[in-house]
Each structure stands twice: as C-alpha cells, then as structure tokens.
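Student: Could you walk me through reading a structure feature by feature? I would like to hear the general idea, then the case at hand.

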Amino acid sequence: MTVRFSACIMAAGSGTRAGGGEPKQLRALAGRPVLAWSAQILADHPACDELIVVHAPGQREAIMAALGDLSARARFASGGATRSAAVRAGLAAVTGDHVLIHDAARPFLNSETIDALLAALEDAPGAVPALPVADALAREADDGLTPVGRDGLMRLQTPQAFRTDALRAAFEAAGGADFPDETALARAQGLDVRAIPGDEMNFKLTWPADFDRAERLMAGPGAETVTGTGFDVHRLAPGDGLHLCGVFIASDLRLVGHSDADAGLHALTDAILGAAALGDIGDHFPPSDMQWKGADSARFLTHALALAGEAGLTPVHCDVTLICERPKIGPHKAAMKARLAALMGLRPERVNIKATTTEGLGFTGRGEGLAAQAAVTMRTK
Ligand code: MG
C-alpha cells in the first residue's frame, strides 16, 4: 500500500541573509516566487492529500499571493517565534497519517526524494534526506582553526518525513524546547529516523549567490536570452503632477498624452514587446481606442508581459533612462525601482533607473518634453 502524506511547508522565516529586502521564500525565481516552486512539487505528487503552509504572523496575504493558483489548494497556519513552534502550528493542522515537513526555500526538490521518503516510512516512524560531507571541516576560534573530523557526519535536508502521531508525541515530550529541525527533535525523544539519499540539487537558498545559481539552474542549458529596447516621448505642460515609471510625482508640470502619458512605462512596455518580437505599444493599445483614455500605463506593461509569457519569455532584467531637465528624478528613483520590480516580477537588483539631461539642448533641454529609453532582457522558460 502506498503511503499517502500531508505536505507542511515552512514559510515563516524572515530569510534576510539572502538579501533582496524581503523574505527569501517570497522572492521571484525565474518569474515565480520561491515558495510556489517548492509547494508545487509536493502538491503535484500523486500521494499528496493536503498542503499546509506555515507563515509568519501577518504574512497570510503575501503568502497567498506568492502561491497564486496553488493557494486554493492550501490551508494555512500562523507560525510561532521559533522553528519548533512554527512546525508545531503546522502539525496541528495536519489531518493525514504521514507528514512531510519542507523548507519553502528548497525549490529544487524532486519527486524521487519524496518517493524514497514515503518508502522509508513503511519501516520507520521518521525519514530524512542526508548527504555526506565532502569538504574538510574546522572550528574557528580566536587562536585559529581546529580541524574537526568529518567521518560519519551527514548534512540533513528537507522534506523530513514522519508518521504524524509519532511526531506529535515527540513534540509533546519535548515540551516547548526549540530544535534546529524535526530530526533533532525526534531523535532527542528516541524516535527512529532513517536516512535516505539526499540530493545535491535540493539545496537551500540561503545566500545571495544561491539565488544566482538557482536562476541559472532554472534557465536550463537550452535557454535563450533575448533583448528588447523601447523609446518614448511625451510633451510637458503646466499642470499638477505626473506619473513616471508607475510613480506619482508632485510637480507644477504634467505629461500630455492619451493615457496617463507615463513615458517610462511606455518605453518599458515597448522593450518587452520588442524582446518578444510582438510589434509596438501602438499595435496593442491604439490611441484611437477610447478605452485607453487616461489609462494607468501599468495595464499596458502587465498586458505586454502576459503576451511575452505566452510566447515563453520571462523577464530577467530591465534598465530605464529618463531624459529631462524637470522634474528632478533623483528623489523618486528608489520608489520607481520598487514599483518596476513589483510590476516586472523582478528582484530590485535586476531593475535599474537612470536619469540624465541633454545639457539644455533640444526639446528636452528646453523643457518642452520628456523622453524615456528602456532595455529589457528576457529568457525562454
Ligand atoms: Mg507614450
């Protein structure tokens, strides 16, 4: 009889060591949050009966947004202050006889590891993927390094798999004590935990370099990289503010145009369409069409991204140059970067905003208009 399981995904960490300013499980990897990749592998396994996601207090909405369509299949638990308290919260929501507890930050889990864990649970109350240590080990102190023998040492990964009642009993016996993982907790209570072969690919995203490695792995050896450019101009006139790169700038100027005249977003939208070889913004959003009058240009960008996505492309980087004497762009760069990162589904490190003038020359120099250039790099999925 095949062992069936409940998946419990731990997404309650703050994960700041990986950089990027947001919890690492919410960061985009190949255009999709890390959490969604990790959860999908478990949810798609034929023996998975339920998906429980443990999040930090107050993070429910962000976690649901990160899961996308998968959130409809998930139930949620709010995590505690420690690893063990968070797992305990998830465990309380489990209804199945077996549970696989997985770190959200391990998006490269494969189904063979799940199969091996389930097979091991037929003979033991616990199972964990384990790998030998290849590097030499040492402990660092004030007087230098002291080598530590690696014989018999193993690196433990997740999912860590347990019979639900056995793990619940171990938690009960452990009281409120915190453990680095469930194997440590289970072993402290004398539970038998079997090692199954771990997988080097199933690494945990911890440091910024891990994200770069993960992006390369997601791209695969056959991935293509394409680039698009865009250029746009709008007239400036006296007014009460303007939108640029999706950010409102209070000003005594406005940008004149059929939509909200956000030249930054228009140039970027054209760059996306360029990368996907799908024509230009005028082809898709004709100025003659009244439905675009006064439109929020973020809609154009989102639509272009969706079209590029249908063409198999996902963005990896964008760079926008704004050319004007006024308004001053500098004070708004950080907000623009954050806004474009959110719209593009990119990490802030993959979004750049530049500003320049034309030294008083030409229409931008005379303040008659504002120009924007953009370049976008996209990769086949
Ligand atoms: Mg335009």
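Tutor: Gladly! Keep in mind that this is a predicted model. Let us begin with a helix: seven of the ten residues of helix α1 (residues 34-43) are buried, so α1 is largely enclosed by the rest of the structure.

Student: Which residues of α1 are buried?

Tutor: First, the general idea: an α-helix has 3.6 residues a turn, so residues three or four places apart point the same way. In this model, the buried residues of α1 are Val34, Leu35, Ala36, Ser38, Ala39, Leu42 and Ala43.

Student: Next, the domains. How is the protein chain divided?

Tutor: The domain assignment gives domain 1 as 5-219 and domain 2 as 225-380. Taken over C-alpha atoms, the centres of domain 1 and domain 2 are separated by 40 Å.

Student: How should I read the interface, and what area is buried between domain 1 and domain 2?

Tutor: The size of an interface is often given as the accessible area lost when the parts come together. Here about 660 Å² is buried between domain 1 and domain 2, and carbon and sulfur atoms give 39% of that area. In terms of residues, nine from domain 1 are in contact with seven from domain 2.

Student: How many salt bridges are there between domain 1 and domain 2?

Tutor: A salt bridge here needs a side-chain nitrogen of Lys or Arg within 4 Å of a carboxyl oxygen of Asp or Glu. Between domain 1 and domain 2 the count is four. Helix α7 (residues 208-219) gives the largest share of the side of domain 1 that touches domain 2, with four residues. By class, that side of domain 1 has four nonpolar, two polar and three charged residues.

Student: Could you show me one of these pairs up close?

Tutor: Take Arg379 and Glu215, whose side chains meet in a salt bridge at 3.1 Å, N to O. This pair links distant parts of the chain, with Arg379 in strand β19 (residues 369-380) and Glu215 in helix α7, 164 residues apart. Both Arg379 and Glu215 are buried. There is also a network: salt bridges that share partners join Arg27, Asp212, Arg347, Glu349 and Arg350.

Student: And across the whole structure, how many salt bridges does a search find?

Tutor: The search finds 17. One of them joins the side chains of Asp103 and Lys204, at 3.7 Å from N to O. Asp103 lies in strand β6 (residues 98-103) and Lys204 in the loop between β12 (193-197) and α7, so the pair ties together parts 101 residues apart in sequence.

Student: Are Asp103 and Lys204 buried or partly exposed?

Tutor: Asp103 counts as buried, at 6% relative accessibility, whereas Lys204 is partly exposed, with a relative accessible area of 34%.

How values were computed: Residues are numbered from 1 along each chain as its sequence is written. This is a predicted model: local features need pLDDT of at least 70, side-chain atom pairs count only at pLDDT 80 or more; totals for chains, interfaces and linings use all residues. Side-chain values use heavy atoms; hydrogens and water are left out. Domain bounds come from an automatic or database domain assignment. Contact means heavy atoms within 4.5 Å. Buried area is the accessible area (1.4 Å probe) that two parts lose on being put together, summed over both. Helices (H or I, at least four residues) and strands (E, at least two) are DSSP runs, numbered from the N terminus. Ala, Val, Leu, Ile, Met, Phe, Trp, Tyr, Cys and Pro count as nonpolar, Asp, Glu, Lys and Arg as charged, and the others, Gly among them, as polar. Buried means under 20% relative accessible area, exposed over 50%, partly exposed in between (1.4 Å probe, protein chains only).
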